[in-house]
2 protein chains.
Amino acid sequence: MQIEFFFDTVSPYSYVAASQVPALERRTGATVRWRPFFLGGLFKTIGNRAPLELPAKARYLWHDLERLARFHGIALRKPDNFPFNSLTAQRALAAMDDDACRAAAQQLFQARWAEGRPIDEEQSLTGILGSEALAGAGTAGARDALKANTEEAAERGAFGAPTFFIGDALFFGCDRLHIIEAELLAGR
Amino acid sequence: MQIEFFFDTVSPYSYVAASQVPALERRTGATVRWRPFFLGGLFKTIGNRAPLELPAKARYLWHDLERLARFHGIALRKPDNFPFNSLTAQRALAAMDDDACRAAAQQLFQARWAEGRPIDEEQSLTGILGSEALAGAGTAGARDALKANTEEAAERGAFGAPTFFIGDALFFGCDRLHIIEAELLAGR
């Protein structure tokens, strides 16, 4: 079985989900394919609004994330600037093959959300990904690959991040991982 | 410890949450106070949109709910008309004392979401709540009580249903019950 995991490194809920992916694979035997997309582009395409645009949701967001991080036993560092621009990071990931993408995405999530290092500045990004990967982000191929992933997510029904697919079945949010697990273990 | 549970019987996610409340009380020793409010009024007050207003979310909603219901082992019947008007039902609940409200709310959730009986028609509502409770829904006291609950929820930061509070701490969604449980058991 394969699970597709559409994520954006700007999304703290994608970080929470990413932290749980290895355990999900271990418990279900499924393989997770990491699919970088651009959340800002998705919101624009489908006319959704980021949670921060509603004051009550913006006030709730970090409280919720702090508790989720505590529940899962992971670190969480709130960025000084949020939402920051993840376009270069996401393009770099989109230009990689699956294995490299997975490893680099985990490094980016760890750097930004656990260690509090910026991933929207060239120097910091180079330190995390290496200069070759960062150069890759600047190519037309990287731009087109990220755009294609984002458009594919929109066409398949995504409206936020993280979004998981098992075939056509869409699962939204880091709080659906236990549902994915139950569905897989029940053979559905 | 007391947990406040703001719910609307029109909200299928409130139904899922309601089905888990007795087990939450049992496992944590906390008491849940049932607080009926009017979700349509809340959305209007704070400028939020119902999930159905975004096509991608509307397409996702029932798939997600079917899987949640399966996960929790509860029945789920999709209404022919949704969202239906829950104002009379919610006013009837708001006019009751806490114990009566809890019992009647569970009856309404069960009737609408497990058995597929309408709760927006007088005859059906009378059959579920009794004629006295239905008459209570028509009073100025009931109207004011529901309005006060809705305004209180908005002022305390709610933006959807179900919403839980432990003191000032807000928890949104039926998928935060395990977080509430973890926080309570850790003595936070």
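## Interface between the chains

About 2,600 Å² of area is buried between chain B and chain A, and carbon and sulfur atoms give 58% of that area. Three residues, B:Tyr60, B:Arg67 and B:Arg176, supply 23% of the area that chain B buries against chain A, more than any other three residues. The model is predicted. In terms of contacts, 28 residues of chain B touch 28 residues of chain A.

Between chain B and chain A there are ten residue pairs in polar contact, counting pairs with both residues at pLDDT 80 or more. The largest share, eight residues, comes from H3(B). By residue class, the side of chain B that touches chain A divides into 15 nonpolar, four polar and nine charged residues.

## Relation between the copies

Chain B is superposed on chain A by a rotation of 180° with 0.0 Å of shift along the axis, at an RMSD of 0.0 Å. This is the relation of a two-fold axis. Both copies use the same surface, since 100% of the contact residues of chain B recur in chain A.

Which residue of chain B comes closest to the rotation axis? B:Asp175 does, with its C-alpha at 3.2 Å.

## Salt bridges across the interface

Six salt bridges are counted between chain B and chain A. In one of them, A:Arg70 pairs with B:Glu183, with the closest N and O atoms 2.8 Å apart. B:Asp175 forms a salt bridge with A:Arg176, at 2.9 Å from N to O. This pair crosses between chains: B:Asp175 is in the loop between S4 and H9 of chain B, and A:Arg176 is in the loop between strand S4 (169–172) and helix H9 (177–185) of chain A. B:Asp175 and A:Arg176 are both buried.

## Salt bridges within a chain

The side chains of B:Arg27 and B:Glu181 meet in a salt bridge of 2.8 Å, N to O. B:Arg27 belongs to helix H1 (residues 12–28) of chain B and B:Glu181 to helix H9 of chain B, so the pair ties together parts that are 154 residues apart in sequence. B:Glu181 counts as buried because its relative accessibility is 14%, under the 20% cut-off. Elsewhere, salt bridges that share partners join A:Asp64, A:Asp175, A:Arg176, B:Asp64, B:Asp175 and B:Arg176 into one network.

Over all chains the count comes to 26 salt bridges. In chain A, A:Asp98 forms a salt bridge with A:Arg33, the closest N and O atoms being 3.2 Å apart. A:Asp98 is in helix H5 (residues 98–114) of chain A and A:Arg33 in strand S2 (residues 31–36) of chain A, so this pair links parts that are 65 residues apart in sequence. A:Asp98 counts as partly exposed at 41% relative accessibility, and A:Arg33 counts as partly exposed at 30%.

## Helix H8 in chain A and chain B

A:Asn149 is placed in helix H8 (residues 140–155) of chain A. Is A:Asn149 buried or exposed? A:Asn149 counts as buried because its relative accessibility is 13%, under the 20% cut-off. Apart from neighbours within four places in sequence, A:Asn149 is in contact with A:Phe6, A:Arg35, A:Pro36 and A:Phe37.

In chain B, B:Thr150 lies in helix H8 (residues 140–155). B:Thr150 counts as buried because its relative accessibility is 7%. Leaving aside neighbours within four places in sequence, B:Thr150 is in contact with B:Phe37, B:Phe38, B:Gly41 and B:Leu42. A polar atom of the B:Thr150 side chain lies 2.8 Å from the backbone oxygen of B:Leu146. B:Thr150 and B:Phe7 are 143 residues apart in sequence, and their C-alpha atoms are 9.9 Å apart in space.

Definitions and conventions: Residues are numbered from 1 along each chain as its sequence is written. Chains are lettered from A and ligands numbered from 1 in the order in which they are written. This is a predicted model: local features need pLDDT of at least 70, side-chain atom pairs count only at pLDDT 80 or more; totals for chains, interfaces and linings use all residues. Side-chain values use heavy atoms; hydrogens and water are left out. Copies are superposed by least squares on the C-alpha atoms of residues with pLDDT of at least 70 in both. Contact means heavy atoms within 4.5 Å. Helices (H or I, at least four residues) and strands (E, at least two) are DSSP runs, numbered from the N terminus. Buried means under 20% relative accessible area, exposed over 50%, partly exposed in between (1.4 Å probe, protein chains only). Buried area is the accessible area (1.4 Å probe) that two parts lose on being put together, summed over both. A salt bridge is a side-chain nitrogen of Lys or Arg within 4 Å of a carboxyl oxygen of Asp or Glu. A polar contact is a pair of N or O atoms within 3.5 Å; within protein, one must be able to donate a hydrogen and the other to accept it, and residues adjacent in sequence count only if both atoms are side-chain atoms. Ala, Val, Leu, Ile, Met, Phe, Trp, Tyr, Cys and Pro count as nonpolar, Asp, Glu, Lys and Arg as charged, and the others, Gly among them, as polar.
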